[in-house]
Amino acid sequence: MIFLTGATGFIGSYILKELVSQGHHVRALRRERPIPFYLPKEIADKVEWVSGNILDISLLNEQLMGSDRIIHAAALVSFYPEDKNRLFTLNIEGTANLVNAALENNIPDFIYISSVSAFGRSNSRQPINEEKKWESREQESNYAISKYYAEMEVWRGMGEGLSPLIVNPSMVLGYGDWNLGSCAIFKSVYNEFPWYVRGANGFVDVEDLARVVVQLMNGPIRNERFIVSAENGNFRDLFNRIADGFNKKHPSMEATAFLSGIAWRAENLKSFFNGSRPLLTKETAALARRTSIYDNSKLLKALPGFQFLPLEDSIRNACALYLENKQRV
């Protein structure tokens with residue numbers, strides 16, 4: 001029995017699909033919201049669903065009974081300043097609750113889906129690997145801070161008897177709800193958002209991430225962390241590839257530091273009048289100008305024979321699914 005949190009989120013849904021496809025019995029925690037449209041019904045029907053959230057300690061202790069391992073994928077991903085308290089509550093306190101419940105119920109096998117954000121920014125152009133130490137909270141996003149301290153709760157659990165495994169994906173791409181998370185990049189490019197940036201990051205297909213999580217779960221390695229990133233690349237190239245997949249215009253305006261400031265303020269002003277959340281915020285503008293590259297060699301050594309889907313294929317597949325299912329506004 002695998003207890004999975006965040007099962008209706010973007011990453012969690014694909015992990016759930018991979019688990020069920022391999023014949024695992026999954027008890028999945030979800031909030032009171034519909035099953036994602038991109039999760040096949042034949043998969044969802046095989047899951048033991050539990051409604052609730054990771055802030056409900058009594059529920060966690062009750063539902064963990066009979067479980068053999070935990071995969072914790074639930075998290076809030078936000079770069080809006082007003083979400084700071086929710087980020088810290090859900091990501092840090094929620095993780096602490098689940099770690100405590102795992103210890104209370106004697107379930108040492110604990111897999112945490114973190115993020116490369118938990119490494120913090122690097123002052124070097126060298127690739128970031130699993131040995132990277134968090135240096136400072138200055139200029140870090142609230143999301144990054146929340147993931148770092150959530151990891152500290154997992155490592156604290158290791159000191160108290162857990163055998164955890166932490167997975168640190170880079171930016172996750174694929175087909176999902178393009179109003180949320182990293183999927184919103186596809187919506188922005190489809191709507192011909194005109195700005196591009198010269199920053200760089202690592203990218204990984206969501207289905208590859210799910211395969212990695214399940215393969216690591218089935219293996220013997222614990223008390224380790226792994227960066228999961230298929231390729232490093234710049235955002236301008238990413239935007240252009242997505243635009244080509246949708247047969248849309250390439251972004252044509254470079255968002256320098258000065259222009260980014262104008263752009264995110266303009267987005268804030270527009271959102272004030274139309275009632276929507278801005279496509280660009282101060283935090284996302286700063287993150288997108290940053291160059292961060294990631295070393296995946298530790299993972300490839302741990303999973304010999306594993307091959308990532310090329311980024312070009314991942315983008316092409318996702319664009320085709322968005323167009324086919326008319327996930328656009």
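Modeller: What follows goes through a cavity, a pocket and some salt bridges in turn. This is a predicted model, in which local features need pLDDT of at least 70 and side-chain atom pairs count only at pLDDT 80 or more, while totals for chains, interfaces and linings use all residues. Residues are numbered from 1 along each chain as its sequence is written, and side-chain values use heavy atoms, with hydrogens and water left out.

Biologist: How many cavities of 30 Å³ or more are counted, and which residues line the largest cavity?

Modeller: Rolling a probe the size of a water molecule over the atoms shows where empty space is left. On a 1 Å grid over the protein atoms alone, a cavity is a set of points where a 1.4 Å probe fits but cannot get out, and a pocket is an open set with protein on both sides within 12 Å along at least five of seven lines; lining residues have an atom within 4 Å of a point. Grid points are joined across faces, edges and corners, and a volume is the space filled by probe spheres set on the points. The count here is one cavity of 30 Å³ or more, and the largest cavity holds about 40 Å³. Its lining includes Ser-122, Arg-125, Ile-128 and Thr-291.

Biologist: What is the volume of the second largest pocket, and which residues lie nearest its centre?

Modeller: The second largest pocket has a volume of about 220 Å³, and of its 14 lining residues Glu-130, Lys-132, Lys-133, Trp-155 and Arg-225 lie nearest the centre. Helix 5 gives the most to this lining, with four residues, where helices (H or I, at least four residues) and strands (E, at least two) are DSSP runs, numbered from the N terminus.

Biologist: How many salt bridges does the structure hold?

Modeller: Side chains of opposite charge can pair when their charged atoms come close. A salt bridge is a side-chain nitrogen of Lys or Arg within 4 Å of a carboxyl oxygen of Asp or Glu, and the structure holds 13 of them. One of them joins Asp-83 and Arg-86, whose closest N and O atoms are 3.8 Å apart.

Biologist: Is Asp-83 buried or exposed?

Modeller: Buried means under 20% relative accessible area, exposed over 50%, and partly exposed in between (1.4 Å probe, protein chains only). Asp-83 counts as buried because its relative accessibility is 5%, whereas Arg-86, at 42%, counts as partly exposed.
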